[in-house]
Amino acid sequence: MNRYRFFMFFLLISVCLVSVGWAWENEEMEDAPVLEERTYLFPSGMLLEEIEQVLLMVNPETWEDFGGDGKIRIGLSITVLQTADVHRNIQHVQNLIQSGNPPETKARAKLEKMLDSVVTLRYTNVAFRTVIDDLRKHFRLPISVDNEKLEEYGFDEDTPVTLSVDSAPLRDVLDICCAHCWAGWCVKGETIQIVDSLDSEETMELRMYHLPYDRNEIDSVFEAIQTHVAPESWVANAGVGDCMYITNARGGNLLVVQTYHIHRELERFLADFSLENEMPPAPNTPDWLERPISVKYHNLAFTDVLADLRKRLDTPISCVWFPYEAQEKCPFDEKISFSAKNVPIHTLLTQLLELLGLYWHYEDGTLKVMTEDEHSQESESLD
């Protein structure tokens with residue numbers, strides 16, 4: 001009897017384990033991506049190495065080289081094994097290389113022009129949703145807010161916004177408003193989308209830029225871009241943005257994957273860049289510290305003041321508090337009321353930070369905000 005019970009118990013356990021294993025295997029099969037094989041043709045002027053690098057720029061995490069399942073086979077033709085979504089992205093890149101960037105629609109051009117327009121606005125403890133509604137109404141901005149998704153990150157559209165801007169682009173207004181809610185924004189198509197701050201920094205776009213340079217000069221162009229346009233954002237500097245030089249019937253071109261905001265910076269940079277002339281000065285050189293500036297803050301959180309200054313000065317600003325425990329005492333939420341008219345930037349920084357017992361120091365293209373102890377250590381090291 002005991003043997004019979006043991007046999008039945010063993011059989012039951014075996015059946016359960018087989019069932020669980022079968023369900024697990026089927027679940028993994030259901031979750032596994034469905035791969036399709038397709039063939040692609042690229043311009044005859046492109047090198048095979050260029051084609052492979054271009055393909056690997058598309059959803060890099062999905063390729064075998066980076067731990068995914070996608071594969072590339074290069075022979076007389078280019079054969080790709082990938083998911084339908086990645087194939088759609090590859091098709092987009094192929095069209096981009098053959099025809100260039102799609103023409104800007106009238107609505108998109110009008111939106112970008114409006115974002116560059118200069119405004120003077122003031123809000124004091126006004127709900128974020130009300131500010132956004134005002135911007136929609138008065139400037140006819142097509143703004144979309146995905147509240148449901150943003151709420152997963154702690155977003156609250158009733159968060160009070162306080163800002164005071166004089167003759168600043170609407171882009172800066174959006175930056176300051178979103179900073180109150182730890183959100184971000186970007187333009188997709190013909191709409192401004194309010195997204196999580198990390199999404200706005202990580203949502204990448206692929207664009208093409210024509211370059212009047214040959215392959216021998218391109219290293220100098222890459223170095224200039226990665227030094228002067230958001231240096232920390234490029235793969236060469238441990239970021240995620242990337243660029244590569246390709247050749248096609250339209251000559252030399254730069255294929256760039258970057259965020260919306262950095263593409264805007266890159267467009268402005270390339271418009272003024274020339275290898276024949278001296279390298280354009282980086283925006284954060286010591287000379288600009290003498291430039292006069294006017295600001296007016298009323299009961300604005302220190303973190304929002306820093307966000308505004310980063311945009312106005314076009315310069316990275318970092319806060320240095322050591323040891324780590326001291327960071328809990330950082331006055332990020334401290335309310336600031338301060339105004340200055342046509343004073344040098346270095347004077348403004350000193351006067352503003354004195355209100356919080358803080359100091360600043362310029363080093364390696366960055367303004368560092370620090371406590372008295374850290375400032376003393378910096379001064380000693382310089383001496």
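Let's start with helix α9, residues 218–228, where Ile218, Val221, Phe222, Ala224, Ile225, Gln226 and His228 are buried. By buried I mean under 20% relative accessible area, with exposed being over 50% and partly exposed in between, using a 1.4 Å probe and protein chains only. Helices here are DSSP runs of H or I with at least four residues, strands are runs of E with at least two, and both are numbered from the N terminus. Just after α9, Ala230 takes a positive phi of about 40°.

A quick word on the source: this is a predicted model, so local features need pLDDT of at least 70 and side-chain atom pairs count only at pLDDT 80 or more, while totals for chains, interfaces and linings use all residues. Residues are numbered from 1 along each chain as its sequence is written, and side-chain values use heavy atoms, with hydrogens and water left out.

Now please turn to helix α5. Residues 128–139 make up its 12 residues, and from first C-alpha to last α5 reaches 16 Å, close to the 16 Å expected at 1.5 Å a residue; that expected span is 1.5 Å times one less than the number of residues. Which residues of α5 are buried? They are Phe128, Val131, Ile132, Leu135 and Phe139. Looking down the axis of α5, these buried residues fall within an arc of 100°, so they line one face of the helix. The arc is taken over the directions from the helix axis to the C-beta atoms. As a reminder, an α-helix has 3.6 residues a turn, so residues three or four places apart point the same way. On the other side of α5, Lys137 and His138 are exposed.

What do the buried residues of α5 pack against? Their partners are α4 (106–116), β4 (118–127), β5 (143–145), β6 (160–169), α7 (170–180) and β8 (191–196), with contact meaning heavy atoms within 4.5 Å. After α5 comes Arg140, with a positive phi near 55°.

Next, the sheet. We have an open sheet of 3 strands in the order β1-β3-β2, with antiparallel pairing. Two strands pair if DSSP finds at least two bridges between them. β1 (36–40) and β2 (71–74) are the edge strands, each pairing on one side only. From one strand to the next, the twist averages 20°; axes are lines fitted to C-alpha atoms, for helices over the stretch in contact, and angles run from 0 to 180 degrees between N-to-C directions.

β3, residues 78–82, pairs with β2 in the antiparallel sense over 4 bridges. Helix α2 (residues 48–57) packs on the sheet, touching β2 and β3, and its direction makes about 165° with that of β2. Lys71 has Leu81 of β3 as its bridge partner, and Ile74 stands opposite Ile78 in β3. β2 and β3 form a hairpin with 3 residues between them. For β1 and β3, the antiparallel pairing covers 5 bridges, and Glu36 stands opposite Gln82 in β3. β3 is mostly covered, as 4 of its 5 residues are buried. Helix α3 (residues 84–99) lies across β1 and β3, running at about 10° to β1.

Last item, the cysteines. How many disulfides does a search of the whole structure find? The count is 0, where a disulfide is a pair of cysteine sulfur atoms within 2.5 Å. For Cys181, the nearest cysteine sulfur is that of Cys178, 7.2 Å away. Cys181 is buried, at 7% relative accessible area, and Cys243 counts as buried at 9%.
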